Amino acid sequence: MARPSPTLRPAPAPAPAPAPALASALASALALALVFTASTARAQRAAPPPAERLQIYSPYEQQTIAEVFDDRQLVRDPAPEGKLVERIDVVPLKPFEKRDIVPQLANIVHVTTRESVVRREVLLHVGGVYEQALVDDTIRNLRRLPGVPQLSAVIVVAARGSAPDRVVVVVITKDVWSLRLNWGIVGDNGGIDQLVLQPAETNFLGTHQIVGANFILEPSATTFGLGYFVPRLGDSRIAVNTNANVMVNRGTGAPEGTYGELVAGQPLFSGRTEWAWDSTVAWQDVVTRRYSNAELSAYVDPATGEKLPFAFRTRTYVANYEATRSFGWDVKHDFTLGATLNRAVYQVNPAPGVSAQTVGDFVSQEVPVGETRVGPSLQYHTYRMRFVRVIDFDTLALQEDYRLGHDVVLRVYPVLRAFGSTRDVLGTFAAAQYTWALRDGVFRTMFQATTEPQLSGDQRISDASIQPQAHLVTPTIAGVGRLVLDASWLYRWRNYLNQINYLGGDDRLRGFPTNFFVGANVVNYNVEARTRPLEIFSSELAGVAFFDAGDAYSPASQFHAYQSVGVGVRMLFPWLDRTVFRFDFGIPLERPIDPTTGANIPPFGFVFTFAQAFTMPTVAPMPVLATGQGPDSP
């Protein structure tokens, strides 16, 4: 049989010019935004209250404070608010101290963060007054300097000054080991699905600049790349990140694709910051594959029974530019105006002998639709600058901040043929969440909806989805641990672009082969019982027992609640990373047939990697180059 020709995902045929409703809708949205902006500009700029549970420290952090204050003969000031700042002491700690298991001799090959790098993030100044809201912003900024976290412990404490109305601000930071082999691995009975190695110097000359390499090993391809990141250009707040990668086919040894990006921007680094901007240019020309059980998965056509490797070429180009004007302080109102060019093409190159019907079925069922989108966007984001400070959440013994109260995002983004787009679409996105503090726990509920009606032709709604989600971290139970529950449902009730999701393996449905379930819609329900961490030689160790349930499906008739149970270990090394190391071992409660092999899936699965299996979700837009003004600061 002759080799089928390459199959491109078709783009829609040309259609008439945009309907007049577009101009009317966009003009109305802009007018409303301008009126609201004018009224908001006169809003009060009262400072938000300090983070709830402000003085909660883990034993590890308490020991750090005690050692620094004893060494400098300082005494804590229990009520510093409004007092004059007479001095700011910056105390950068080396990765390895006397209490750490690693000998301090290892510090010789580590350059500790420069005092000036920490000091420039401090929003208080000598001669000004102590404001806890600015202290909290400082802490979050230092925790989440763009890129890989460079500091594990970040503590800002007030000490008594030379007079009762004066204070000394003490900023304590602990470096993580900057010469590092960042890595992650996903594997099961079949072997390794993915091995990631990212060797880097993450604190180049003590400046927090990152020079790194990228190595990704997968069953069919190997990726090599380089990257460079600058968190601040000189004394400015502008950050720059760039990287480039090449994929090499393991079978032929020849390059098969490339991807990379150049990102620059200035974030909202404080509640008082009025302007932010970012720009992104990214490309991707790669072979997209689905791996399961450590090998390239196959698409099995239900109509013909033929198998086709689950692989297709993805070519994308994105250019995005945004500017944000922020109003208020306690209650924030952010307006973002953006412009985007996004082009995507998907191509299938089937092997000889595969029937045209099987190729067509694969394209229609599993391959996204390619198109070009060009147009502006307008976004409104409101939230409260209220936080709760907790420990023993995602980073075990290190403090974390989570935003409380409301968080609402509204966005409109017309896509116009007049600008070179494939279709005329008026996209809208709406999302809302609310977060409550429950003693030393947190409950968050949220809802997101996207709707994209076409403005020409049949004027139908081409793509639309809803996603309710809830996340609960219970208060500590009997002093031994807590429960963490997360439930989410992504339902695409219109799916012209043929977007799909994968589930299984490394996070939401552990124990099953990676990416085993495929579908436009996803349901997941996860419960973890997490123990409190145990400190061993200044490292933290905790255990986890979990129950996972979920499915990725397309028609509702195919939904089935697959389930798994298992146990895991969490480890935190404050001298190595702020992120936990995770090992999970899962057992599926039923073993469905793998259509690729015709046999039942393996009886267990495991994963070694970094970060918790699931963390606090948020609807808040994350800046392209995020600092402490991201939605949450773990």
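A residue is called buried when its relative accessible area is under 20%, exposed when it is over 50%, and partly exposed in between, judged with a 1.4 Å probe and protein chains only. Glutamate 97, at 13% relative accessibility, therefore counts as buried. This residue sits in the loop between S2 and H3. Its contacts, a contact being heavy atoms within 4.5 Å, include Tyr60, Glu67 and Lys174, once neighbours within four places in sequence are left aside.

The model is predicted, so local features need pLDDT of at least 70 and side-chain atom pairs count only at pLDDT 80 or more, while totals for chains, interfaces and linings use all residues. Residues are numbered from 1 along each chain as its sequence is written, and side-chain values use heavy atoms, with hydrogens and water left out.

The term pLDDT stands for the predictor's confidence in each residue, from 0 to 100. The protein chain averages a pLDDT of 87, and 89% of the residues score at least 70. Over residues 1–20 the pLDDT is below 50, and this stretch has 53 contacts in the model beyond near neighbours in sequence.

Next comes the chain as a whole. Helices (H or I, at least four residues) and strands (E, at least two) are DSSP runs, numbered from the N terminus. The protein chain has five helices and 34 strands. Of its 634 residues, 54% count as buried. Among contacts between residues at least 6 apart in sequence, 65% join residues at least 24 apart. Accessible areas are found by the Shrake-Rupley method with a 1.4 Å probe, and for residues only the protein chains shown count as cover. The accessible surface of the chain comes to about 26000 Å², and 62% of this belongs to carbon and sulfur atoms.

Now to the interior. A nonpolar core is a set of buried Ala, Val, Leu, Ile, Met, Phe, Trp, Tyr and Cys residues joined through side-chain atoms within 4.5 Å. The largest such core has 21 residues, and Ile88, Leu124, Tyr130, Val169 and Val171 touch the most other members. Strand S2 (84–93), H4, strand S3 (151–160) and strand S4 (166–175) each supply at least two residues of this core. H4 gives the most, with five residues.

Leucine 124 lies in the loop between H3 and H4, and it is buried, with a relative accessible area of 6%. Residues touched by leucine 124, not counting those up to four places away in sequence, include Ile88, Tyr130 and Val169. Leucine 124 and valine 169 are 45 residues apart along the chain, yet their C-alpha atoms are separated by 8.7 Å. Tyrosine 130, leaving aside neighbours within four places in sequence, is in contact with residues including Pro80, Leu124, Ala158 and Val169.

Charged side chains also pair up. A salt bridge is a side-chain nitrogen of Lys or Arg within 4 Å of a carboxyl oxygen of Asp or Glu. By this rule the count comes to 38 salt bridges. One of them joins glutamate 121 and arginine 237, whose closest N and O atoms are 3.0 Å apart. The partners are 116 residues apart, with glutamate 121 in the loop between helix H3 (115–119) and helix H4 (132–143) and arginine 237 in the loop between strand S8 (221–230) and strand S9 (239–249). Glutamate 121 is buried at 3% relative accessible area, and arginine 237 is buried at 15%.

Another salt bridge joins glutamate 452 to arginine 373 (2.5 Å, N to O). Glutamate 452 belongs to strand S23 (residues 441–453) and arginine 373 to strand S18 (residues 371–384), 79 residues apart. Both residues are buried. Aspartate 486 and arginine 508 form a further salt bridge, with the closest N and O atoms 2.9 Å apart. Both of these residues are buried as well. Elsewhere, salt bridges that share partners join Asp394, Arg510, Glu528, Arg530, Asp548, Arg570, Arg582 and Asp584 into one network.

Most residues other than glycine have a negative phi. Glutamine 73 has a positive phi, near 55 degrees. Glutamine 73 is in the loop between helix H2 (59–72) and S2, and it is exposed, with a relative accessible area of 73%. Histidine 208 also has a positive phi, of about 70 degrees. Histidine 208 is found in the loop between strand S6 (191–204) and strand S7 (209–217), and it is buried, with a relative accessible area of 2%.
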